[in-house]
Amino acid sequence: MALKDDTPQPRPAITTQCRTRDFLADCPARVAELFAYWDRQRQDRAMPRRADFQPEAVPRHLSGILLVDVEGIDDEGIGIYRYRVVGTDEVRLRGHDPTGKLVQDGFFWSSLEEALATYDSVRTSRSFLYEVAEFVSPEGRWRSEYGILLPLSEDGENVSQILVYSLARSSQDG
């Protein structure tokens, strides 16, 4: 007789995603502000460079920002991602600071596979991704958030970093 495995199985995140500007009609003002700033910085390019992003231009967003480095691609074609900057709200939500860690060692999502797939979709499309998401992390932390992932590129072709901004859905929009 086989023993029952009581290990909780990860539940997929419930997400609504948008890759067009249509999300601007319904997203929180803070998300729209950061997107507008990113869009201005890219000018006529597909993506702005990291040097184009000036943190002092978006001070009220900094606590919810992650800056994720794209360090390469593994043998299976999946991106290798590392947390370069993690805002104070993100550290508080996670219960630890993943700055400097690979995403696989510090992610906060329903599963590592889903987290990597989200970053990979931004890396390969070379375009932004807006999400409304609800999930439970493997540690049992529930989260409901608005999020935007914005690619950055040093050479204008390849995504070198992904700027992520998340805002709790229970947060005030102001």
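Glutamate 154 lies in the loop between β5 (142-152) and β6 (161-168), where helices (H or I, at least four residues) and strands (E, at least two) are DSSP runs, numbered from the N terminus. The structure is a predicted model, in which local features need pLDDT of at least 70 and side-chain atom pairs count only at pLDDT 80 or more, while totals for chains, interfaces and linings use all residues. Residues are numbered from 1 along each chain as its sequence is written, and side-chain values use heavy atoms, with hydrogens and water left out.

**Overall architecture**

- The protein chain contains 4 helices and 6 strands.
- Along the sequence, these elements follow the pattern β-α-β-β-α-α-α-β-β-β.
- The radius of gyration, taken over C-alpha atoms, is compared with a globule rule of 2.2 Å times the number of residues to the power 0.38.
- For 174 residues, a compact globule would have a radius of gyration near 16 Å, and the protein chain agrees with this, since its value is 16 Å.
- Taken along the principal axes, the box filled by the C-alpha atoms of the protein chain is roughly 65 × 40 × 30 Å.
- Contact means heavy atoms within 4.5 Å. Among contacts in the protein chain between residues at least 6 apart in sequence, 57% join residues at least 24 apart.

**Surface and charge**

- Residues are classed by relative accessible area: buried is under 20%, exposed is over 50%, and partly exposed is in between (1.4 Å probe, protein chains only).
- Of the 174 residues of the protein chain, 44% count as buried.
- Accessible areas come from the Shrake-Rupley method with a 1.4 Å probe; for residues, only the protein chains shown count as cover.
- The protein chain exposes about 9400 Å², and carbon and sulfur atoms supply 50% of this area.
- In the charge count, Lys and Arg are positive and Asp and Glu negative, whereas His and the chain ends are not counted. The place of a charge is NZ of Lys, CZ of Arg, CG of Asp or CD of Glu.
- There are 21 positive and 29 negative side chains in the protein chain, and 4 Å separates the centres of the two sets.

**Cysteines**

- A disulfide is a covalent bond between the sulfur atoms of two cysteines. In this analysis, a disulfide is a pair of cysteine sulfur atoms within 2.5 Å.
- By this rule, the structure has 0 disulfides. Cysteine 18 takes part in no disulfide, and the nearest cysteine sulfur, in cysteine 27, is 9.5 Å away.
- The sulfur of cysteine 27 has its closest cysteine sulfur in cysteine 18, and the 9.5 Å between them is too far for a bond.
- Cysteine 18 counts as buried because its relative accessibility is 18%. Cysteine 27 is also buried, with a relative accessible area of 12%.

**The loop between α1 and β2**

- Glutamine 43 is found in the loop between α1 (29-42) and β2 (65-73).
- Although glutamine 43 is not a glycine, it has a positive phi of about 55°. Its relative accessibility of 60% means that glutamine 43 counts as exposed.
- Histidine 61 also lies in the loop between α1 and β2. Histidine 61 is buried, because its relative accessible area is 3%.
- Leaving aside neighbours within four places in sequence, histidine 61 is in contact with Arg30, Glu33, Leu34 and Tyr165.

- Serine 125 lies in helix α4 and is partly exposed, with a relative accessible area of 33%.
- The C-alpha atoms of serine 125 and arginine 19 are 9.6 Å apart, although 106 residues separate them along the chain.
- Arginine 126 is in the loop between α4 (112-125) and β4 (129-136). This residue has a positive phi of about 60° although it is not a glycine, and at 30% relative accessibility arginine 126 counts as partly exposed.
- Serine 127 lies in the loop between α4 and β4 and counts as partly exposed, at 22% relative accessibility.
- Not counting residues up to four places away in sequence, serine 127 touches Arg19, Val122 and Pro151. Between the C-alpha atoms of serine 127 and leucine 149, 22 residues apart along the chain, the separation is 8.5 Å.

**Surroundings of glutamate 154**

- Glutamate 154 counts as partly exposed because its relative accessibility is 46%.
- Not counting residues up to four places away in sequence, glutamate 154 touches Arg49, Arg50, Ala51 and Ser160.
- The C-alpha atoms of glutamate 154 and arginine 45 are separated by 11 Å, and the two residues are 109 residues apart along the chain.
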